[in-house]
Amino acid sequence: MWRLYGLIIFILFAQVCSLFLAYRHSKKYFIENHKSYPQSIKDILKISIAASFTNLISYMLYSIDTFLVGTLLKSSEKVSEYYIATLIPFNLSFIPLSLMAALFPYISENYNNLIWLKRSYVKMLLVTFLVNLLIVLFLFSFSKSIILTLFGESYLSSEKLFKILLVGFLFSGTFRVVSGNFLASLGKVNQNLL
(Lines give C-alpha, C1' and ligand atoms only; values in the text may rest on other atoms or scores of the structure.)
Protein backbone atom coordinates (compact mmCIF):
# COMPACT_ATOMS: atom_id res chain seq x y z
CA MET A 1 0.00 0.00 0.00
CA TRP A 2 1.56 3.30 -1.16
CA ARG A 3 4.82 1.45 -1.88
CA LEU A 4 7.90 3.01 -0.25
CA TYR A 5 5.93 5.87 1.32
CA GLY A 6 3.56 3.32 2.80
CA LEU A 7 6.45 1.32 4.24
CA ILE A 8 7.88 4.38 5.97
CA ILE A 9 4.48 5.57 7.20
CA PHE A 10 3.52 2.17 8.60
CA ILE A 11 6.90 1.62 10.30
CA LEU A 12 6.52 4.97 12.03
CA PHE A 13 2.87 4.18 12.80
CA ALA A 14 3.89 0.87 14.39
CA GLN A 15 6.46 2.65 16.58
CA VAL A 16 3.95 5.29 17.70
CA CYS A 17 1.30 2.64 18.39
CA SER A 18 3.78 0.64 20.46
CA LEU A 19 4.65 3.69 22.56
CA PHE A 20 0.96 4.59 22.96
CA LEU A 21 -0.02 1.06 24.02
CA ALA A 22 2.89 0.81 26.45
CA TYR A 23 1.87 4.13 27.98
CA ARG A 24 -1.83 3.21 28.10
CA HIS A 25 -1.25 -0.15 29.78
CA SER A 26 1.14 1.23 32.36
CA LYS A 27 -0.47 4.64 32.86
CA LYS A 28 -1.83 3.87 36.32
CA TYR A 29 1.65 2.87 37.50
CA PHE A 30 3.44 5.82 35.93
CA ILE A 31 0.99 8.57 36.82
CA GLU A 32 -0.89 7.49 39.93
CA ASN A 33 2.13 6.10 41.78
CA HIS A 34 4.79 8.38 40.32
CA LYS A 35 5.84 9.86 43.65
CA SER A 36 5.96 6.52 45.43
CA TYR A 37 8.39 4.98 42.93
CA PRO A 38 11.81 4.18 44.25
CA GLN A 39 14.57 6.16 42.56
CA SER A 40 15.93 3.04 40.85
CA ILE A 41 12.65 2.53 38.95
CA LYS A 42 12.71 6.16 37.81
CA ASP A 43 16.29 5.71 36.63
CA ILE A 44 15.37 2.56 34.72
CA LEU A 45 12.49 4.39 33.03
CA LYS A 46 14.77 7.28 31.99
CA ILE A 47 17.31 4.84 30.54
CA SER A 48 14.59 2.83 28.77
CA ILE A 49 13.01 5.86 27.13
CA ALA A 50 16.34 7.26 25.92
CA ALA A 51 17.44 3.81 24.67
CA SER A 52 14.13 3.38 22.82
CA PHE A 53 14.55 6.71 21.04
CA THR A 54 18.15 5.86 20.17
CA ASN A 55 17.07 2.53 18.65
CA LEU A 56 14.21 4.21 16.78
CA ILE A 57 16.57 6.79 15.26
CA SER A 58 19.07 4.06 14.27
CA TYR A 59 16.32 2.06 12.59
CA MET A 60 14.97 5.11 10.78
CA LEU A 61 18.44 5.97 9.45
CA TYR A 62 18.58 2.57 7.77
CA SER A 63 15.21 3.24 6.12
CA ILE A 64 15.74 6.87 5.16
CA ASP A 65 18.65 6.20 2.81
CA THR A 66 16.54 4.05 0.47
CA PHE A 67 13.83 6.70 0.53
CA LEU A 68 16.36 9.40 -0.36
CA VAL A 69 17.77 7.34 -3.24
CA GLY A 70 14.26 7.04 -4.64
CA THR A 71 13.46 10.70 -4.14
CA LEU A 72 16.72 12.00 -5.61
CA LEU A 73 17.14 9.59 -8.52
CA LYS A 74 13.44 9.07 -9.31
CA SER A 75 14.18 5.63 -10.71
CA SER A 76 12.50 2.52 -9.34
CA GLU A 77 15.28 0.44 -10.94
CA LYS A 78 17.98 2.32 -8.99
CA VAL A 79 15.96 2.06 -5.77
CA SER A 80 15.62 -1.69 -6.16
CA GLU A 81 19.35 -2.06 -6.95
CA TYR A 82 20.22 -0.03 -3.86
CA TYR A 83 17.73 -1.91 -1.68
CA ILE A 84 19.14 -5.29 -2.75
CA ALA A 85 22.67 -4.03 -2.06
CA THR A 86 21.67 -2.95 1.48
CA LEU A 87 19.93 -6.13 2.59
CA ILE A 88 22.96 -8.14 3.68
CA PRO A 89 25.25 -5.35 4.98
CA PHE A 90 22.49 -3.70 7.04
CA ASN A 91 21.33 -7.00 8.51
CA LEU A 92 24.85 -8.11 9.42
CA SER A 93 24.70 -5.84 12.45
CA PHE A 94 23.05 -8.70 14.38
CA ILE A 95 26.54 -10.26 14.72
CA PRO A 96 28.23 -7.45 16.67
CA LEU A 97 24.94 -6.79 18.48
CA SER A 98 24.86 -10.42 19.64
CA LEU A 99 28.44 -10.17 20.83
CA MET A 100 27.64 -7.01 22.76
CA ALA A 101 24.49 -8.55 24.26
CA ALA A 102 26.63 -11.37 25.64
CA LEU A 103 29.15 -8.91 27.10
CA PHE A 104 26.61 -6.38 28.39
CA PRO A 105 26.36 -7.84 31.95
CA TYR A 106 30.15 -7.83 32.38
CA ILE A 107 30.41 -4.20 31.32
CA SER A 108 27.59 -3.18 33.66
CA GLU A 109 29.13 -5.16 36.49
CA ASN A 110 32.46 -3.33 36.11
CA TYR A 111 31.05 0.15 35.47
CA ASN A 112 33.22 1.70 38.19
CA ASN A 113 36.47 -0.11 37.26
CA LEU A 114 38.02 2.38 34.83
CA ILE A 115 41.12 0.27 34.07
CA TRP A 116 39.00 -2.78 33.22
CA LEU A 117 36.63 -0.67 31.10
CA LYS A 118 39.43 0.86 29.03
CA ARG A 119 41.14 -2.47 28.45
CA SER A 120 37.86 -4.24 27.66
CA TYR A 121 36.69 -1.53 25.29
CA VAL A 122 39.87 -1.81 23.23
CA LYS A 123 39.63 -5.63 23.24
CA MET A 124 35.97 -5.50 22.16
CA LEU A 125 36.78 -3.10 19.33
CA LEU A 126 39.63 -5.32 18.18
CA VAL A 127 37.70 -8.61 18.36
CA THR A 128 34.62 -7.11 16.71
CA PHE A 129 36.75 -5.52 13.99
CA LEU A 130 38.49 -8.85 13.25
CA VAL A 131 35.21 -10.81 13.16
CA ASN A 132 33.60 -8.17 10.94
CA LEU A 133 36.69 -8.04 8.72
CA LEU A 134 36.57 -11.81 8.12
CA ILE A 135 32.87 -11.61 7.25
CA VAL A 136 33.40 -8.63 4.94
CA LEU A 137 36.37 -10.25 3.18
CA PHE A 138 34.37 -13.44 2.61
CA LEU A 139 31.32 -11.56 1.29
CA PHE A 140 33.50 -9.20 -0.74
CA SER A 141 35.26 -12.15 -2.41
CA PHE A 142 32.04 -13.92 -3.33
CA SER A 143 29.84 -10.85 -3.88
CA LYS A 144 28.97 -11.69 -7.48
CA SER A 145 28.00 -15.27 -6.61
CA ILE A 146 25.99 -14.14 -3.60
CA ILE A 147 23.97 -11.62 -5.58
CA LEU A 148 23.41 -14.07 -8.45
CA THR A 149 22.32 -16.84 -6.07
CA LEU A 150 20.08 -14.78 -3.79
CA PHE A 151 18.65 -12.15 -6.11
CA GLY A 152 19.27 -13.20 -9.70
CA GLU A 153 21.13 -11.82 -12.69
CA SER A 154 18.88 -8.76 -13.01
CA TYR A 155 20.36 -7.37 -9.78
CA LEU A 156 24.01 -7.97 -10.63
CA SER A 157 24.45 -4.23 -11.17
CA SER A 158 24.09 -3.74 -7.39
CA GLU A 159 27.40 -5.57 -6.76
CA LYS A 160 29.46 -2.37 -6.53
CA LEU A 161 27.01 -0.82 -4.07
CA PHE A 162 27.05 -4.08 -2.11
CA LYS A 163 30.84 -3.90 -1.76
CA ILE A 164 30.75 -0.24 -0.69
CA LEU A 165 28.10 -0.99 1.92
CA LEU A 166 30.14 -3.94 3.21
CA VAL A 167 33.03 -1.56 3.89
CA GLY A 168 30.57 0.76 5.63
CA PHE A 169 29.36 -2.16 7.76
CA LEU A 170 32.94 -2.98 8.74
CA PHE A 171 33.27 0.42 10.41
CA SER A 172 29.73 0.99 11.66
CA GLY A 173 29.40 -2.60 12.87
CA THR A 174 32.61 -2.15 14.81
CA PHE A 175 32.68 1.39 16.13
CA ARG A 176 28.99 2.36 16.27
CA VAL A 177 27.72 -0.93 17.69
CA VAL A 178 30.50 -1.44 20.24
CA SER A 179 30.64 2.18 21.37
CA GLY A 180 26.86 2.60 21.49
CA ASN A 181 26.30 -0.56 23.49
CA PHE A 182 29.25 0.19 25.74
CA LEU A 183 27.72 3.57 26.58
CA ALA A 184 24.29 2.01 27.11
CA SER A 185 25.66 -0.61 29.49
CA LEU A 186 27.28 2.16 31.53
CA GLY A 187 23.94 3.98 31.75
CA LYS A 188 25.12 6.80 29.42
CA VAL A 189 22.08 6.59 27.17
CA ASN A 190 21.65 10.35 26.86
CA GLN A 191 25.17 10.66 25.44
CA ASN A 192 24.38 7.76 23.13
CA LEU A 193 21.18 9.45 21.98
CA LEU A 194 23.08 12.67 21.23
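Biologist: What share of the 194 residues in the protein is buried?
Modeller: In this predicted model, buried residues make up 27% of the 194.

Biologist: Why is Pro 96 called buried?
Modeller: The word applies under 20% relative accessible area. Pro 96 has 2% relative accessibility, so Pro 96 counts as buried.

Biologist: Where does Pro 96 lie?
Modeller: Pro 96 is part of helix H4, which covers residues 94-109.

Biologist: Which residues does Pro 96 touch, leaving out those up to four places away in sequence?
Modeller: Pro 96 touches Thr 128, Asn 132, Phe 169, Gly 173 and Val 177.

Biologist: What makes these count as contacts?
Modeller: A contact needs heavy atoms within 4.5 Å.

Biologist: How far apart are Pro 96 and Ala 22, in sequence and in space?
Modeller: They are 74 residues apart in sequence and 28 Å apart in space, C-alpha to C-alpha.

Biologist: What part of the contacts with a separation of 6 or more comes from residues 24 or more positions apart?
Modeller: Such residues account for 70% of those contacts in the protein.

Biologist: How many helices and strands does the protein have?
Modeller: The count is 8 helices and 0 strands, and the pattern along the sequence reads α-α-α-α-α-α-α-α.

Biologist: What are the dimensions of the box that the C-alpha atoms fill?
Modeller: Along the principal axes, the box is roughly 60 × 45 × 25 Å.

Definitions and conventions
Residues numbered from 1 in each chain as written. Predicted model: local features only at pLDDT ≥ 70, side-chain atom pairs only at ≥ 80, totals over all residues. Heavy atoms only, no water. Helix = DSSP H or I, 4+ residues; strand = E, 2+ residues; numbered from the N terminus. Buried < 20%, exposed > 50% of the residue type's maximum accessible area, 1.4 Å probe, protein only.
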